[in-house]
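I opened this structure and kept notes as I went. Here they are, in the order I looked things up.

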Amino acid sequence: MNKQVQQYLQHIKFQGPVEPSIKLLGHLQTCHLHTIPYENLDVAMKHDISFNIPDLFQKIIVRKRGGNCFELNILFSWLLCELGFSVTNRYAQFWRNIDADTPQEDVPMHQLLVVTFSGLSYITDVGVGALAPCKPVPLIAGHKHREGNELYKVEQDDTYGWMLYEQTSHNWRLLYSFTDDASDAKFAPRLSNQPNKIAMIRTARGRNTMLNNEFRIYEDNALTTYTTHTEQEWQQALKRYFQISIT
């Protein structure tokens, strides 16, 4: 195991053997989601973004930042490959909170990973930030995947390919869809022009979110909202709730 892999595992607070298995994959994914936030601050502040592994490693592991779905899953796929997993990057369409009649070309792009182990493929994704599976989801049509109070299911469609649904209080809602050929050969990352500053991270008791200067802390069944009024307060809250320092 090289020093960068060791540094990565130390950063996400992973301890234990690293012999490839689905149990290990789930442990790595959960550790990652509880340590490294989804955040779009570079995009919102018009900073350059690189998808090269050395640059991603420097930003996320050395500087202890987060990233968007492309950054997070590209770097996580590197870690998994270094540990001996068979990984394929997949580009998806992210349908949560998108109107059903929205043209496909206007649906936000997302990146996820498909890991193949012992002849079975699994969705692995550390790039959503909001509620989404924290464990690998078997890529089997009709499969239902439960994590605590959250329930997901996988379906397959001739047009949209693989579809991951989440259960809401009223129905099943499409989270994202992707096809088996949605790979680097045909797609490239398409960054959102989202002007809002966004950050999200899972925690042991819930999740923390930020939209511009409003911070929301979800713990068990409680919600605390905190609004910052100065740049210094915002920087302090960013550090407190996401361990991010912007310099």
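I number residues from 1 along each chain as its sequence is written, and side-chain values use heavy atoms, with hydrogens and water left out. This is a predicted model, so I keep in mind that local features need pLDDT of at least 70, that side-chain atom pairs count only at pLDDT 80 or more, and that totals for chains, interfaces and linings use all residues.

I started with Ile 22, which I found in helix H2. Is Ile 22 buried, partly exposed or exposed? My scale is this: buried means under 20% relative accessible area, exposed over 50%, and partly exposed in between (1.4 Å probe, protein chains only). Ile 22 has 23% relative accessibility, so I put it down as partly exposed.

Next I asked what Ile 22 touches, with contact meaning heavy atoms within 4.5 Å. Setting aside neighbours within four places in sequence, I listed Phe 117, Tyr 122 and Pro 136 as contacts of Ile 22. I also checked Lys 135: it is 113 residues from Ile 22 along the chain, yet the two C-alpha atoms are separated by 9.1 Å.

Gln 29 sits in helix H2 too. I noted Gln 29 as buried, because its relative accessible area is 1%. Residues up to four places away in sequence aside, Gln 29 touches Phe 76, Thr 124, Asp 125, Val 126, Pro 133, Cys 134, Lys 135 and Pro 136.

Which backbone oxygen does the side chain of Gln 29 reach? I found that of Asp 125, at 3.4 Å. I count a polar contact as a pair of N or O atoms within 3.5 Å; within protein, one must be able to donate a hydrogen and the other to accept it, and residues adjacent in sequence count only if both atoms are side-chain atoms.

**Entry: helix H1**

I moved on to H1, residues 3-11, and marked Val 5, Tyr 8, Leu 9 and His 11 as buried. Why do I put them on the same side of H1? Because they cover an arc of only 160 degrees around the axis, where the arc is that of the directions from the helix axis to the C-beta atoms. A reminder to myself: an α-helix has 3.6 residues a turn, so residues three or four places apart point the same way.

On the face turned away from the buried side of H1, I found the exposed residues Lys 3 and Gln 10. The cover over the buried residues of H1 includes helix H2 (22-33), helix H4 (53-62) and helix H5 (69-82). At the N-terminal end of H1 I saw a cap: a side-chain oxygen of Asn 2 lies 3.0 Å from the backbone nitrogen of Gln 4.

Most residues other than glycine have a negative phi. I therefore wrote down Lys 13, in the loop between H1 and H2, as exposed at 64% relative accessibility. Phi of Lys 13 is positive, near 60 degrees. Asp 220 also has a positive phi, about 55 degrees, although it is not a glycine. I located Asp 220 in the loop between strand S12 (214-219) and strand S13 (222-227). With 55% relative accessibility, Asp 220 counts as exposed.

**Entry: cysteines**

How many disulfides are there, taking a disulfide as a pair of cysteine sulfur atoms within 2.5 Å? I counted 0. Cys 31 is in none, and its nearest cysteine sulfur, that of Cys 134, is 11 Å away. Cys 31 is buried at 12% relative accessible area, and Cys 134 is buried at 8% relative accessibility.

**Entry: cavity and pocket**

Grid points are joined across faces, edges and corners, and a volume is the space filled by probe spheres set on the points.

I found 1 cavity of 30 Å³ or more. The largest cavity holds about 90 Å³. Its lining has 16 residues, with Leu 33, Val 128, Gly 129, Ala 130 and Arg 202 nearest the centre.

The second largest pocket holds about 440 Å³. I noted 17 lining residues for this pocket, and closest to its centre are Leu 131, Glu 150, Arg 202, Arg 205 and Gly 206.

Note on methods. A disulfide is a pair of cysteine sulfur atoms within 2.5 Å. Helices (H or I, at least four residues) and strands (E, at least two) are DSSP runs, numbered from the N terminus. On a 1 Å grid over the protein atoms alone, a cavity is a set of points where a 1.4 Å probe fits but cannot get out, and a pocket is an open set with protein on both sides within 12 Å along at least five of seven lines; lining residues have an atom within 4 Å of a point.
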